[in-house]
Amino acid sequence: MTLSLVLLLATGAGLAVASIYYSQPMLGLLATAMGSQAQGIGLVPTLTQLGYAAGILLLAPLGDRHDRRCIILTKSGLLAVALLACGLAPSLNLLLAASLAIGLLATLAQDLVPAAAVLAPASRRGRIVGMVMTGLLLGILLSRVVSGLLAEYLGWRSVFLLAAGAVLLFGAAAWRWLPAFPVSSSLSYRALLASLLALFRQHGALRRAVLAQGLLSVAFSAFWATLALMLEGAPFHLGSSVAGAFGLAGAAGALAAPLAGQWADRRGPARVTQAGTLVCALSFALLGLQPWLTPQQQLWLLGLAIVGFDLGIQATLIAHQSIVYGIDPEARSRLNAVLVVGMFVGMAAGSALGSVLQAHWGWQAVVLLAVLSSLLAFAVRLAGSGGRRA
């Protein structure tokens, strides 16, 4: 497991997951180009997200049944084709179909993370998975910034066309340097899908990881789903671009992911999850001070809180992945799929709850939800502290 191979996997994970978010800053340009109403063009990111969720359930478990190298190469080629189709789409219907395909195939990222866990020695698994997750997280954080700039100066089609070329280059590099992977399961496809629920029922460590990470996802999604609305109102009156710029503060958390993995290797991932959930709760609690600060001080506090809770969430995720991958080496893809699905459920719930709370009781109600969700995640991790890897 060389450094160049780790960087290759991290790059691929970042490029794959970034494909889900390229369209979000360009919806206005897409609506103009397609002559569509805002409601119609809004289906582009919606279908991409739904495709990703469906791909996690339907495609990610295949990594336990087939050689991951073949899956990674196949998805890379098909994802490049889907991105190319988006870039050349002459109508909204074709753009929507290609967006759904992008979501399904962007689950390539969830093949690369388990691949890193398989190739890494047990003593370094947390650190190596953390490095690959850094690439994935940077892909999420930087995709909107990159697509917005490219779309403004080169047009929206250039974003998808350049992304397709980048994924093709990754696929060529993976074909050259990625080794073959042993098949760990002989289950049929139907049995693989059925085993997801069986794994969840069988392993308490998996249930605790899903519940705790899902609760953190509730807090995370509630915050980001309402931040732009809060900044548009008094006393800030700032545009949505400022809310997007705050996302760059989360890069600090992404870059710290390998350190969290290294700590998990040395001290045990259970301790990292406890520390990470507590950091999240404290970071969100800081936002309760906003009513007593000036607008400028509130913006600085927002940036500090974002760095803190993003660091806590990513550290907890890395530790949870270390726990999950250690449960059953023959089911790593399926175990990862269960964890990621739990995160998506938490994100959906957080977005819905945060919007309702913001509309009826204001921003501080959203902050309270984030604090309580983080504290519940901390309680889940304390309850599962019977072992270093629980």
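Helices are DSSP runs of H or I with at least four residues, numbered from the N terminus. The views below come from a predicted model, in which local features need pLDDT of at least 70, side-chain atom pairs count only at pLDDT 80 or more, and totals for chains, interfaces and linings use all residues. Residues are numbered from 1 along each chain as its sequence is written, and side-chain values use heavy atoms, leaving out hydrogens and water.

View 1. Leaving aside residues up to four places away in sequence, Leu95 touches Leu30, Met34, Ile41, Val44, Cys86 and Ala89; contact means heavy atoms within 4.5 Å. Val44 is 51 residues from Leu95 along the chain, with 7.4 Å between their C-alpha atoms.

**View 2. An aromatic cluster that includes Trp363.** Rings of Phe, Tyr and Trp (its six-membered ring) pair if their centres lie within 6.5 Å. The count by this rule is 6 aromatic pairs. One cluster is formed by Phe220, Phe223, Phe284, Phe309 and Trp363.

**View 3. Helix 18 (residues 363-383).** Among the buried residues of helix 18 are Trp363, Val367, Leu369 and Arg381.

**View 4. A nonpolar surface patch of about 760 Å².** The patch is made by Leu142, Val145, Val146, Leu149, Tyr153, Leu154, Leu162 and Leu248. Such patches join nonpolar side chains (Val, Leu, Ile, Met, Phe, Trp, Tyr) within 5 Å, from residues with over 30% relative accessible area and no salt bridge (a side-chain nitrogen of Lys or Arg within 4 Å of a carboxyl oxygen of Asp or Glu). Accessible areas come from the Shrake-Rupley method with a 1.4 Å probe. Helix 8 (residues 125-154) gives the most to the patch, with 6 residues.

Terms used
Phe/Tyr/Trp six-rings, centres within 6.5 Å; stacked < 30°, edge-to-face > 60°. Helix = DSSP H or I, 4+ residues; strand = E, 2+ residues; numbered from the N terminus. Expected span 1.5 Å × (residues − 1). Buried < 20%, exposed > 50% of the residue type's maximum accessible area, 1.4 Å probe, protein only. Patch = residues over 30% accessible without salt bridge, like charges linked within 9 Å, V, L, I, M, F, W, Y side chains within 5 Å.
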